[in-house]
Amino acid sequence: MAKAERDALIESQIPALRRYAYALTRDATTADDLVQDCLERALSRWTLRRGAGELRPWLFAILRNRFLNLNRANRRRGVAVALDDAPAPAVAAEQEAGLNVRALIAALDTLPEEQKSLLLLVGVEDFSYGEAAAILAIPQGTVMSRLARARQRLRTLLDGEAAPFLRRVK
Amino acid sequence: MTRPNAPIGEDDLQLHVDGRLPDDRRAVVEAYLAGEPEVRVRVERERRQRQALAEALRWKAEEPIPARLRLVHLGAERHRRAAGRLRVAAAAAGLFLLGCGSGWLLARGWPAAPAAVPVAAVSGEAVAAYRTYVVEVAHPVEVGSDNEQHLMAWLSKRLGRRLAAPDLSAFGYTLMGGRLLPAGTGAAAQLMYQTPMGARLTLYIQGADGGETAFQFFEAGGAATLAWRDAGYGFAVTAPLPRAALTPIAEAVYRRLDAGAR
């Protein structure tokens, strides 16, 4: 494959990789560091990729593994990662969904990483269960049961919210 | 789950939330939900939360990509930068190499020539590679031990030295496989071993000019490393073991690699 073709393929995934990285780290700079690290690794391992299957899950798996490593280092250090404030989402979106977006994101942040990643990969990045299983290195059957648990947890966390009435008007 | 008449399962409901049910099955699930208002409310709620989450994060994927993430800017120097950052990350994580130069185990060595790659540098790279890959769940190795012959031939070729994977079964470790790594201007190899309990050990090999040295002991962040230089290569054995337990393993590696080289 020509280098330009390879670069175009990888670059087309950068917006989604940034979104996943941001949702995991909740910090714009850390997220982009993570994406950069992921891209560097992807390039340096490109020729060894044969047999690794589809490009998109492969890139997300690299990103997630880098995140787990970073997380371990941070935990050892005991340093809290600064949280970005998400920009105020459009009021219309909140009304449509009938949910308080901020409460939703906050609830997501309380989930274990694996459940959080599952919700993001399946629900936001639209990966199939098989692809999500490959990214997280778990069996496909486990994806379904963990997804059910994650969604149940999110529901329970948000049940106390008077969600439809809480919206910021800017 | 694709059989139209099978009983409704949690998997059906999740697939429904994700809009991934085949048409015929979806009809069955919807008929079921029509008769189960409580479940329907729950599924609807999960569906809305899924949409809301995607909606809440959409702006991030619509942002222009920062220039530093363009691949042309990552291209040429990527190895050096990635390695540099790894070292920074390791230092930031409190990964200080202790015992440097104080851990002569055997009296068979002599001080390195001034221009030589210090054993400490080999050890630092080895520890960085260890920390990166030993925690890896999905891809701990690039080539698995089921392809050992190919793996060792490949690594030997890239490192320019005939390498044989040492047999460490006497210590309970079996070979998982290995990978090629960038190291300075050349290449390095990492072999990973594992016990049945999942404890891992790595052997790191890189080109390192200079004379032969004795074993040197380093300790950083819960992992111990014994490193030495021999015949133009630096070697390092790293594992979360006490020095007394690591030493016989390193000696076995030294003997085995030596046999492979001659």
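Predicted model: local features only at pLDDT ≥ 70, side-chain atom pairs only at ≥ 80, totals over all residues.
**Salt bridges, a helix and a sheet**

Colleague: Okay, what does Arg146(A) form a salt bridge with?

Modeller: Glu114(A) is its partner, with the closest N and O atoms 2.2 Å apart. The pair links distant parts of the chain, 32 residues apart: Arg146(A) is in helix H9 and Glu114(A) in helix H7 of chain A. Helices here are DSSP runs of H or I with at least four residues, strands are runs of E with at least two, and both are numbered from the N terminus.

Colleague: Is Arg151(A) buried or exposed?

Modeller: Arg151(A) is buried, at 3% relative accessibility. Buried means under 20% relative accessible area, exposed over 50%, and partly exposed in between, with a 1.4 Å probe and protein chains only.

Colleague: And which side chain does Arg151(A) meet in a salt bridge?

Modeller: That of Asp18(B), at 2.7 Å from N to O. This pair crosses between chains, from helix H9 of chain A to the loop between H1 and helix H2 (23-34) of chain B. Asp18(B) is buried as well, at 7%.

Colleague: Where else is there a pair, say for Glu62(B)?

Modeller: Glu62(B) pairs with Arg58(B), the closest N and O atoms being 3.3 Å apart. They sit 4 residues apart in helix H3 of chain B, so about one helical turn separates them. Glu62(B) is exposed at 53%, and Arg58(B) is partly exposed at 38%. Elsewhere, salt bridges that share partners join Asp126(A), Arg151(A), Asp18(B), Arg20(B) and Arg50(B) into one network.

Colleague: Back to H9(A): what covers its buried residues?

Modeller: The cover includes H6 (101-109), H7 (113-124) and H8 (129-136) of chain A, together with H1 (10-17) and H3 (37-62) of chain B. Among the buried residues of H9(A) are Val143(A), Leu147(A), Leu154(A) and Leu158(A).

Colleague: How much do chain A and chain B bury between them?

Modeller: About 5,200 Å², 60% of it on carbon and sulfur atoms; buried area is the accessible area (1.4 Å probe) that two parts lose on being put together, summed over both. Arg18(A), Glu40(A) and Arg155(A) supply 12% of the area that chain A buries against chain B, more than any other three residues. The contact takes 58 residues from chain A and 52 from chain B, contact meaning heavy atoms within 4.5 Å. There are 7 salt bridges between chain A and chain B, and Arg18(A) forms one with Glu63(B), at 2.9 Å between the closest N and O atoms.

Colleague: New topic: what order do the strands of the open sheet in chain B have?

Modeller: The 7 strands run S1-S2-S3-S4-S7-S6-S5, with antiparallel pairing; two strands pair if DSSP finds at least two bridges between them. S1 (143-144) and S5 (216-220) of chain B stand at the edges with a single partner strand each, so one side of each is left without a neighbour in the sheet.

Colleague: How many bridges join S2 to S3 of chain B?

Modeller: There are 9, between residues 174-183 and 186-194. Leu181(B) stands opposite Ala188(B) in S3(B).

Methods. Residues numbered from 1 in each chain as written. Chains lettered and ligands numbered in written order. Heavy atoms only, no water. Salt bridge = Lys/Arg side-chain N within 4 Å of Asp/Glu carboxyl O.
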